Amino acid sequence: MCGIVGYIGNQTASAILLAGLRKLEYRGYDSAGIATLWDDEIHCVRAKGKLQNLQDRLEGVENPAQVGIGHTRWATHGKPEEYNAHPHMDTARRIAVVQNGIIENYRDLREDLKAKGHEFRSDTDTEVIPHLIAEYLKAIRAEEHLTPFLEAVRRAVNDLRGAFALAIVNADYPDELIAVKQQAPLAIGFGKGEFFCASDTPALVSHTRTVLTLENGEIARLTRLGVEVYNFAGDRLRKTPQTLNWNPILVEKQGFKHFMLKEIYEQPGVVRAGLEAYLDSEWTAQSLTSPIHLSLPEEFYADLEQIQIVACGTSWHASLVGKYLLEQLADIPTQVQYASEFRYGASPLTPHTLTIGVTQSGETADTLSALDMEKRRRTEMGGKFQPKLLGITNRTDSTLSHLVDHLINTHAGIEIGVAATKTFTAQLVAFYCLAIDLAYRRKTLSLDRLEEIVTELRLLPAQIESILEVQERYVEQLAHEFTETQDFIFIGRGINFPIALEGALKLKEISYIHAEGYPAGEMKHGPIALLDEKVPVVAIAMPGMVYEKVLSNAQEAKARDAKLIGVTPMNDAEAAEVFDHLLPVPAVEELLSPILTVIPLQFLAYHIAARRGLDVDQPRNLAKSVTVE
């Protein structure tokens with residue numbers, strides 16, 4: 001959550017900070033603020049609400065400062081009011097801090113600092129940090145330390161417990177900017193005579209592609225002459241920046257009204273990129289190697305008996321599809337756990353178990369913490385319980401990459417819309433590839449059957465394109481009927497039950513309509529009591545072993561006067577007789593259908609929300625990367 005930026009160089013800081021925050025607004029938009037150093041003072045401007053409110057306050061204000069920090073907030077401690085907006089300052093207003101994360105021991109620190117005469121102006125946990133730094137500076141000046149500001153920050157962060165990333169400026173040290181990382185993402189950008197820091201690289205790429213991702217327990221001191229990196233013990237570290245290989249245009253709307261719509265349309269390319277990365281384009285049943293090449297070592301596959309997956313939100317839904325694939329194709333017992341619950345009620349340890357963490361950002365706090373806990377408890381046991389960790393992510397430069405043994409890169413590119421679309425389908429592709437690879441190696445499917453699946457996989461990008469070409473305009477018109485609807489039910493069976501959950505989540509996230517997903521067969525065991533003419537039911541009914549069952553369940557809903565919307569195969573006469581509205585997709589094997597059936601549900605959520613006049617890309621109370629518990 002929250003986005004932080006920092007700049008020191010020879011350009012006007014406020015413009016750079018605002019532009020950076022605009023790229024990070026998907027991380028939080030409850031309030032925003034900047035603090036710049038100019039004329040021996042900190043100039044701090046904050047505003048409640050979205051970034052535009054801050055920009056309006058800065059309009060026409062001359063500020064030639066060349067050093068500053070900025071923040072866009074997702075509220076944790078304290079209501080989203082201006083007095084809780086970042087940056088926060090010490091009593092003397094000489095030190096300003098922006099933070100992403102949570103300080104768990106802030107109450108004790110706050111009481112101690114109050115007793116020493118410090119005055120607090122907010123309800124936030126962040127505000128203890130500038131006061132703590134100021135307190136340490138009192139003693140350090142007397143010691144004539146070589147870099148007093150850096151040393152004060154170092155001592156202060158060693159007093160903090162929690163997950164945090166910080167950017168800090170001090171009016172008494174106007175040629176320095178300090179950045180700190182501890183369990184929350186932070187990257188440093190290298191320019192010519194200027195340096196940047198940010199929560200995520202989209203805020204950096206318009207200025208530089210030379211980036212250093214800080215690791216946990218590291219402090220960076222930025223000046224116009226360069227960057228120095230230290231650990232929390234004060235030791236100087238040698239670090240090597242990396243060059244990003246993607247274009248800034250990827251984080252622009254490119255003519256689309258919303259990022260979410262753009263990202264829906266990017267899905268054929270995303271699926272194609274994933275398949276090109278891992279699927280042998282010339283593989284047949286006569287080939288002598290696996291159709292999938294994940295670049296995993298042979299020992300990864302050895303003695304694999306069980307799989308457990310930890311994930312949150314949309315990634316959890318992708319993991320449910322993954323469970324189905326891993327069990328049905330590779331014959332491996334698989335569990336899917338909410339990462340936030342797994343931490344406090346982990347399953348009993350089982351031998352020879354692969355643990356998979358799924359997170360589009362690679363920074364989801366609950367998922368990272370669950371993986372870290374599992375790694376530690378398995379390491380303590382050793383032997384047949386030795387940890388084997390795999391990450392599935394869109395960001396190979398993330399914290400996840402340092403935590404797990406192996407990664408599958410989903411190749412989805414940067415996703416700005418808070419409601420995940422293309423990263424979901426990319427995660428599905430990753431699971432298809434993993435399940436097929438394991439099925440080949442474990443010989444759980446015949447080679448002819450594998451060839452059938454692989455052949456259909458290759459067709460998916462073109463089939464998604466056909467859905468995009470014909471369906472959006474119809475869904476846009478259909479959305480008119482549901483702008484006043486208060487409740488929705490989504491149903492599916494088998495591998496499409498997770499797609500029902502995902503369709504309901506998308507609608508909840510961006511339209512604020514109450515929606516629930518159910519296994520279609522469970523409707524009659526309670527939820528059917530909700531149905532009447534005001535509650536539409538969306539049913540996913542694709543050819544396969546549960547097709548007739550889903551149609552029957554839809555008929556049960558229709559008998560209760562519910563309006564029926566069907567995600568069905570194109571030109572299906574039987575479905576046309578059952579449903580009031582059809583969202584047709586190409587007829588594919590049921591096993592492969594989730595990548596297609598989710599597309600109409602994304603469109604439906606998008607157009608209902610847009611029709612209701614809501615902010616599709618920045619829905620209330622949400623943030624893209626959930627970096628706090």
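Two strands count as paired if DSSP finds at least two bridges between them, and strands themselves are DSSP runs (E, at least two residues), just as helices are DSSP runs (H or I, at least four residues), with numbering from the N terminus. In this structure, β9 and β10 form a hairpin with 4 residues between them, and G193 in the turn has a positive phi of about 75 degrees. The structure is a predicted model, in which local features need pLDDT of at least 70 and side-chain atom pairs count only at pLDDT 80 or more, while totals for chains, interfaces and linings use all residues. Residues are numbered from 1 along each chain as its sequence is written, and side-chain values use heavy atoms, with hydrogens and water left out.

- Strand β9 (residues 187-190) runs antiparallel to β10, to which 4 bridges join it, and F190 has F195 as its bridge partner in β10.
- Strand β10 (residues 195-198) is covered on both faces, with F195 and C197 buried on one side and F196 and A198 buried on the other; here buried means under 20% relative accessible area, exposed means over 50%, and partly exposed lies in between, with a 1.4 Å probe and protein chains only.

- Strand β6 (residues 95-103) is joined to β5 by 2 bridges, and the two run antiparallel; the partner of M89 in β6 is A96.

**Helices**

- Helix α5 (residues 148-159) has 12 residues and reaches 17 Å from its first C-alpha to its last, close to the 16 Å expected, where the expected span is 1.5 Å times one less than the number of residues.
- Of the 12 residues of α5, 9 are buried, so that the helix is mostly covered; among them are F149, L150 and V153.
- Helix α13 (residues 422-442) has 21 residues that should span 30 Å at 1.5 Å a residue, and its end C-alpha atoms are 30 Å apart, which agrees.
- Since 19 of its 21 residues are buried, α13 is largely enclosed by the rest of the structure, and the helix is followed by K443, whose phi is positive, near 60 degrees.
- T367 lies in helix α11 (residues 365-381) and counts as buried because its relative accessibility is 0%.
- Not counting residues up to four places away in sequence, T367 touches V310, A311, C312, A339, G357, V358 and T359, where contact means heavy atoms within 4.5 Å.

**Sites and domains from the record**

- An unreviewed UniProt entry lists C2 and K624 for "active site"; K624 belongs to the lining of the largest cavity.
- UniProt positions are given in the numbering used here, feature names are shortened, and annotations may be inferred rather than shown by experiment.
- C2 lies in the segment before β1 and counts as buried because its relative accessibility is 6%.
- Leaving aside neighbours within four places in sequence, C2 is in contact with several residues, including R27, H71, W74 and S199.
- For "domain: SIS", the unreviewed UniProt entry lists residues 296-444 and 478-619.
- Residues 296-444 are 45% helix and 17% strand, with end C-alpha atoms 19 Å apart, whereas residues 478-619 are 37% helix and 15% strand, with end C-alpha atoms 22 Å apart.

**Cavities**

- The structure holds 4 cavities of 30 Å³ or more; on a 1 Å grid over the protein atoms alone, a cavity is a set of points where a 1.4 Å probe fits but cannot get out, and lining residues have an atom within 4 Å of a point.
- The largest cavity has a volume of about 240 Å³, a volume being the space filled by probe spheres set on the points, which are joined across faces, edges and corners.
- The lining of the largest cavity is made of 20 residues, of which S199, D200, S361, E363 and R395 lie nearest its centre.

Notes
On a 1 Å grid over the protein atoms alone, a cavity is a set of points where a 1.4 Å probe fits but cannot get out, and a pocket is an open set with protein on both sides within 12 Å along at least five of seven lines; lining residues have an atom within 4 Å of a point.
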